[in-house]
Amino acid sequence: MTSDPRRVVLLAPPGGGKSTQARRLAEALGVPHISIGKALRRAVEQGSEVGRRARPHMEAGRLVPTEVVVPVVAGRIREGGGGYVLDGFPRDLEQARILDAVLAAPPDTVVFLAVPDDEVVRRLAGRRECPQGHLWHREHHPPAVEGVCDICGGPLGQREDDRPDAVRRRLAVYREETEPLVRHYRERGALVEVDGTGEPDAVAEAIRRALGLPPR
Ligand code: AMP
């Protein structure tokens, strides 16, 4: 008998390692990694209607209106066959309710990656990304050749919203809108908290342990 696919939400402050860990966890669980930020950045690059509506909010470090984001999430969950590791959704209590009631795909587990503010600011300031979304860090995870992605050879740049003003805004939005989700899911008994400050490999192991998966 096969069990239902897992549905896991990753919650973390901006720069807290959500995408890196979500990608690994999705691979381990055999479910799609759904990154809303990445889907939105792609829509902006393509100049689609979603991208046009999302762009000014993203560049300012604010949340994109929920009615723009939900169809993107809904499509991805549908395509993925029901299981997921969600990276970047829900972002507030309204979106959490939509995930449960409208998308009818409540998470079975929510992993909260705890990372203090000063660490977040340091990580975001050094973060570099290629057009395909491979992530590097000037100090912690530098590419072999500065400014060039080791994986695809693409040029590395800084996200518009990783600049200091937008980072401050994103942290404020996180505190006000997203952090209440930690309590919401804890009260529901779905939350596991993992220390997100170590090396990516160590954090990945801690997440696997928390979810009862065998070590790699
Ligand atoms: P991320 O890559 O998760 O840091 O997301 C980058 C940006 O995309 C955020 O700062 C928001 O502007 C936007 N975004 C991502 N996910 C959502 C969401 N669930 N709701 C609204 N805006 C979002």
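The second largest pocket has a volume of about 440 Å³. On a 1 Å grid over the protein atoms alone, a pocket is an open set of points with protein on both sides within 12 Å along at least five of seven lines, using a 1.4 Å probe, and lining residues have an atom within 4 Å of a point. Grid points are joined across faces, edges and corners; the volume is the space filled by probe spheres set on them. The model is predicted: local features need pLDDT of at least 70, side-chain atom pairs count only at pLDDT 80 or more, and totals for chains, interfaces and linings use all residues. Residues are numbered from 1 along each chain as its sequence is written, and side-chain values use heavy atoms, with hydrogens and water left out.

Of the 18 residues lining this second largest pocket, Arg41, Glu45, Glu129, Arg159 and Glu160 are the closest to its centre. The lining divides into four nonpolar, four polar and ten charged residues. Here Ala, Val, Leu, Ile, Met, Phe, Trp, Tyr, Cys and Pro count as nonpolar, Asp, Glu, Lys and Arg as charged, and the others, Gly among them, as polar. Helix 2 (36–46) and helix 3 (49–60) each supply at least two lining residues. Helix 2 gives the most, with five. Helices (H or I, at least four residues) and strands (E, at least two) are DSSP runs, numbered from the N terminus.

Five strands form an open sheet in the order 2-3-1-4-7, with parallel pairing. Two strands pair if DSSP finds at least two bridges between them. Strand 2 (33–35) and strand 7 (191–195) stand at the edges, each with a single partner strand, so one side of each lacks a neighbour in the sheet. Neighbouring strands are turned by 20° against each other on average, direction ignored. Strand 2 runs parallel to strand 3 (residues 84–87), and three bridges join them. Ile34 has Leu86 in strand 3 as its bridge partner. Helix 9 (residues 200–210) packs on this sheet, touching strand 4 (109–114) and strand 7; its direction makes about 155° with that of strand 7. Contact means heavy atoms within 4.5 Å.

Which helix holds Ser19? Ser19 is in helix 1 (residues 18–29). Leaving out residues up to four places away in sequence, Ser19 touches His33, Ser35, Asp87 and Leu135.

Next, a helix pair. Helix 7 (residues 164–178) and helix 8 (residues 180–187) pack at about 30°, with axes 5 Å apart. That makes helix 7 roughly parallel to helix 8. Angles under 35 degrees count as roughly parallel. Axes are lines fitted to C-alpha atoms, for helices over the stretch in contact, and angles run from 0 to 180 degrees between N-to-C directions. Arg175, Glu176, Glu177 and Thr178 in helix 7 meet Pro180, Leu181 and Val182 in helix 8. By class, this contact has three nonpolar, one polar and three charged residues.

Last, the backbone. Most residues other than glycine have a negative phi, and most peptide bonds are trans. Phe89 and Pro90 are joined by a cis peptide bond, with omega about 0°. Pro90 sits in the loop between strand 3 and helix 5 (93–101). Ala104 is not a glycine, yet has a positive phi of about 50°. Ala104 lies in the loop between helix 5 and strand 4.

Note on methods:
Angles under 35 degrees count as roughly parallel, over 145 as roughly antiparallel, 65 to 115 as roughly perpendicular and the rest as oblique.
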